[in-house]
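Subject: Structure handover

Hi,

Here is the structure I promised to pass on. My notes follow below it.

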Amino acid sequence: MSHHGIERVAVIGAGTMGHGIAQVCALAGHQTVLQDVDPGQLDRALARIGATLDKGVRLGKVAATNRDAAWKRLTGTAGLIEAVDGADLVIEAVPEVMELKRRVFHEVAEAVSDGVILASNTSSLSVTRIGAGLPSPGRFLGLHFFNPVHIMALVEVVRGDDTEAAVVDRGLAFVKGLRKEPIVVADSPGFASSRLGIVLGLEAIRMLEAGVASPVDIDKAMVLGYRHPMGPLRLTDLVGLDVRLGIARYLHDTLKSEAFRPPTLLERMVAEGRLGKKTGRGFYEWDTEP
């Protein structure tokens, strides 16, 4: 048993974030189950994890023995109840819809004992509201990972109004065990990272609308001028314009700040289905891989 008592992890939702979280958990030594209701999504996620691990070995970042061990620790399933059986920690990474997240956790809570930690990977929704009404809401917290999970070092450990201090501590120890850097933030709209990052992204879109500079040059300004690993428009393409729009609307509604008002260009691109990398076109053209 590790010092934070988390051996077995269940990750619910095998999308962009879920598959990355499952990968780092398995690589760090946890028995990991990845669950998705869509078998096709699950297959794609496992294939992507395999490809990423292989690439890590090729680049000399992952030892082949570690890759093989991680792969053995990882299983996929379509059943939610089956996935959380015996888990010490359940991490939810389903789409950013409050009702969906609440429904998942109510199902999970009925299937696991009270000592199991429940965590949401939400990037902006209220952790307190997601966990409200759960049996023992004190064991509920946010663990907000960043995309791509295997590369990004930051994890926001979000303390809901009801989260017990001991659970925050176990969350911090777990994140450090993944060789990530945790920060603790209170449950406030957009936490620390989304709130700051979204403003940059939205302002970059407004600059594009106003013809200030090209997407490439706007991005270059932040990469070269501020040492960001990636410019705000390219990042928006990777995250998904629809995801960004949803978060912007939510923050605009809750924080009542004009900084978060969704730009017309963003609304229009989403309406046209130009969602970024996942559709092949956003602010940039992308080669979509299968």
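Predicted model: local features only at pLDDT ≥ 70, side-chain atom pairs only at ≥ 80, totals over all residues.

Proline 148 sits in the loop between E6 and strand E7 (154-159).

Two residues other than glycine have positive phi. Serine 136 has phi near 45 degrees. It lies in the loop between helix H6 (127-131) and E6. At 30% relative accessibility, serine 136 is partly exposed. Lysine 256 has phi near 55 degrees. Its place is the loop between helix H11 (241-255) and helix H12 (264-271). Lysine 256 is exposed, because its relative accessibility of 68% is over the 50% cut-off.

Next, the aromatic rings. The count is 1 aromatic pair. Phenylalanine 105 and phenylalanine 140 make an edge-to-face pair, 4.8 Å centre to centre with 85 degrees between the planes. Phenylalanine 105 belongs to helix H5 (residues 98-111) and phenylalanine 140 to strand E6 (residues 140-145), so the pair ties together parts 35 residues apart in sequence. Phenylalanine 105 is buried, at 0% relative accessibility. Phenylalanine 140 is buried too, with a relative accessible area of 2%.

Last, the surface charge. Arg44, Arg48, Lys55, Arg58, Arg234 and Lys277 gather in a positive patch on the surface. Helix H2 (residues 39-58) gives the most to this patch, with 4 residues. Arginine 48 is in helix H2. At 39% relative accessibility, arginine 48 counts as partly exposed.

Best wishes

Technical notes:
Residues numbered from 1 in each chain as written. Heavy atoms only, no water. Patch = residues over 30% accessible without salt bridge, like charges linked within 9 Å, V, L, I, M, F, W, Y side chains within 5 Å. Areas by Shrake-Rupley, 256 points an atom, 1.4 Å probe, with all protein chains shown as cover. Salt bridge = Lys/Arg side-chain N within 4 Å of Asp/Glu carboxyl O. Lys, Arg positive; Asp, Glu negative; His and termini not counted. Charge placed at Lys NZ, Arg CZ, Asp CG, Glu CD. Buried < 20%, exposed > 50% of the residue type's maximum accessible area, 1.4 Å probe, protein only. Phe/Tyr/Trp six-rings, centres within 6.5 Å; stacked < 30°, edge-to-face > 60°.
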